[in-house]
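I went through this two-chain entry and wrote down what I looked up. The notes follow in the order I made them.

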Amino acid sequence: MHMKLRILLADDHEIVRRGLRALLEKHEGWEVCGEASDGREAVEKALQLNPDVVIVDIGMPNLNGLDTTRQLLQHDPHFKVIVLTITDSDQVIREALDAGARGFVLKSDAARDLVSAVEALQNKRMFFTPRVNDLVLAGFLEKGQTVPRNEAPKLPTLTAREREITQLLAEGNSSKEVASLLNLSTKTVETHRSNIMRKLSFHSIRDLVVYAIKNNLIQIELPPPPKTPAGPTAA
Amino acid sequence: MTIRILVVDDHPIVRQGLKTLLEGHSDWQVVGEASDGAEAIEKAKDLDPDVMVLDVTMPRMNGLEACRVLRRQSPDLEILFVTQHDSPQMMREALEAGARGYVVKSNAARDLLAAVEAVSQHRVFTALNERSFPQLT
């Protein structure tokens, strides 16, 4: 008897998870074994359910998709992760590859590409959008290098814990709320917060939010431009 | 009486999710889909839905612009925004553009059905996350 391919879905929008589930369960032989609405829950459920494939949205609260991928693979390098993202910038692609994702799919193309991505991982292959293939050809992934030398990061690197805390603070959580989410004391969170601000030479939460957006710790969708008033009509 | 619904979002996965949720209701029918504001206007003309579930940020023509056109073109159509933008300011703009409802995508699974029910009866339905309320003061 063929065992079904078991898939864990992680996206903070239930509407998106429903759409993904409807798409994936049309495929005979696949089943969605669980869902998670943030990265932390995704890691817990993956460890409980041991899915064959984990599909993670990059932009999730509490723990974003890239850090979720890193944590999953630290626990067990055999997890196969497909990252879903609204953007395919060079930086996001590099980070997803560095984090160990085996698949990279744009959300806008998920209806077209996700099934192919899961099939690829099922057959022990990787799946990336054409843009990622361009990066590979450009030599960004030669010899394990994912950042060209002349584009080395200019900011100090944060530890994994510091990245987690940066994301939670940028999402609007107080130090006390962060402490509760991460099972730490408020004092420990405050210490991490000071270290983060000092390392990055930031003076305000606003700086932190901008950093979190630029470094894909949180993803935002920009609102449409404001309505411009109609100009004078030509005579 | 069946409520006929047009679903508009630039992400097919989101449209699928919305459709799955809406079609669970026995008296509702998703009569069509569109992926941007311009297509939404065309399809509203062809299909004459009762309710449009509409995203804000879309290519070619965004939801707010589409809503303004639809208000003139299809005065009986009720528009419900389902959007990422958890913002009182955006919600105000949406209502000023002529929408009857505004729901945040992250809570769509919880709020959508009640929202469609309300706007189909020409009642206003808005729901933001609590965190956004302090911005009103």
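**Domains of chain B.** I started with the domain assignment of chain B, which gives domain 1 (38–47 + 64–75 + 89–99) and domain 2 (100–137). I kept in mind throughout that this is a predicted model. For the contact between the two domains I found four residues from domain 1 of chain B and five residues from domain 2 of chain B. I then sorted the domain 1 side by class: the residues of domain 1 of chain B that touch domain 2 of chain B are four nonpolar, no polar and no charged.

**Chain B as a whole.** I looked up the secondary structure next and noted five helices and six strands in chain B. What pattern does chain B follow along the sequence? I read it as β-α-β-α-β-α-β-α-β-α-β.

The C-alpha atoms of chain B fill a box of roughly 40 × 30 × 30 Å along the principal axes. A compact globule of 137 residues would have a radius of gyration near 14 Å, and the 13 Å of chain B agrees with that. Of the 137 residues of chain B, 47% count as buried. I also looked at contacts in chain B with a separation of 6 or more, and 61% of them come from residues 24 or more positions apart.

**Where chain B touches chain A.** How many residues does each chain give to the contact? I noted 22 residues from chain B and 18 residues from chain A. On the chain B side, the elements that give two or more residues are helix H1 (12–22) and helix H5 (108–120) of chain B. H1(B) supplies the largest share of that side, with eight residues. By class, I noted ten nonpolar, nine polar and three charged residues on the side of chain B that touches chain A.

**Domains of chain A.** I moved to chain A, where the assignment gives domain 1 (5–150) and domain 2 (160–214). Taken over C-alpha atoms, the centres of domain 1 of chain A and domain 2 of chain A are separated by 25 Å. Their contact takes six residues from domain 1 of chain A and seven residues from domain 2 of chain A. The side of domain 1 of chain A that touches domain 2 of chain A has two nonpolar, two polar and two charged residues.

**The sheet of chain A.** I traced six strands of chain A in an open sheet, in the order S2-S1-S3-S4-S5-S6, with parallel pairing. Which strands stand at the edges? They are S2 and strand S6 (127–128) of chain A; each has a single partner strand, so one side of each is left without a neighbour in the sheet. For reference I wrote down that strands of a sheet pair through backbone hydrogen bonds, either parallel or antiparallel.

I then went through some of the pairs.

- Strand S1 (residues 5–10) of chain A runs parallel to strand S2 (residues 30–36) of chain A, and six bridges join them. Leu5(A) stands opposite Trp30(A) in S2(A), and Leu9(A) has Glu35(A) in S2(A) as its bridge partner.
- S1(A) is also joined to strand S3 (residues 53–57) of chain A, by four bridges and in parallel. Here I found Ala10(A) opposite Val56(A) in S3(A).
- S3(A) runs parallel to strand S4 (residues 81–85) of chain A, with four bridges between them. In this pair Ile55(A) stands opposite Ile82(A) in S4(A).

**Thr188(A).** My last entry is a single residue. Thr188(A) lies in helix H9 (residues 186–199) of chain A. Why does Thr188(A) count as partly exposed? I found 16 C-beta neighbours of Thr188(A) inside 10 Å, and a residue is called buried at 20 or more and exposed at 12 or fewer. I also took a distance from Thr188(A) to Pro77(A): the two are 111 residues apart in sequence and 30 Å apart in space, C-alpha to C-alpha.

Notes
Residues are numbered from 1 along each chain as its sequence is written. Chains are lettered from A and ligands numbered from 1 in the order in which they are written. This is a predicted model: local features need pLDDT of at least 70, side-chain atom pairs count only at pLDDT 80 or more; totals for chains, interfaces and linings use all residues. Ala, Val, Leu, Ile, Met, Phe, Trp, Tyr, Cys and Pro count as nonpolar, Asp, Glu, Lys and Arg as charged, and the others, Gly among them, as polar. The radius of gyration is taken over C-alpha atoms; the globule rule is 2.2 Å times the number of residues to the power 0.38. Domain bounds come from an automatic or database domain assignment. Two strands pair if DSSP finds at least two bridges between them.
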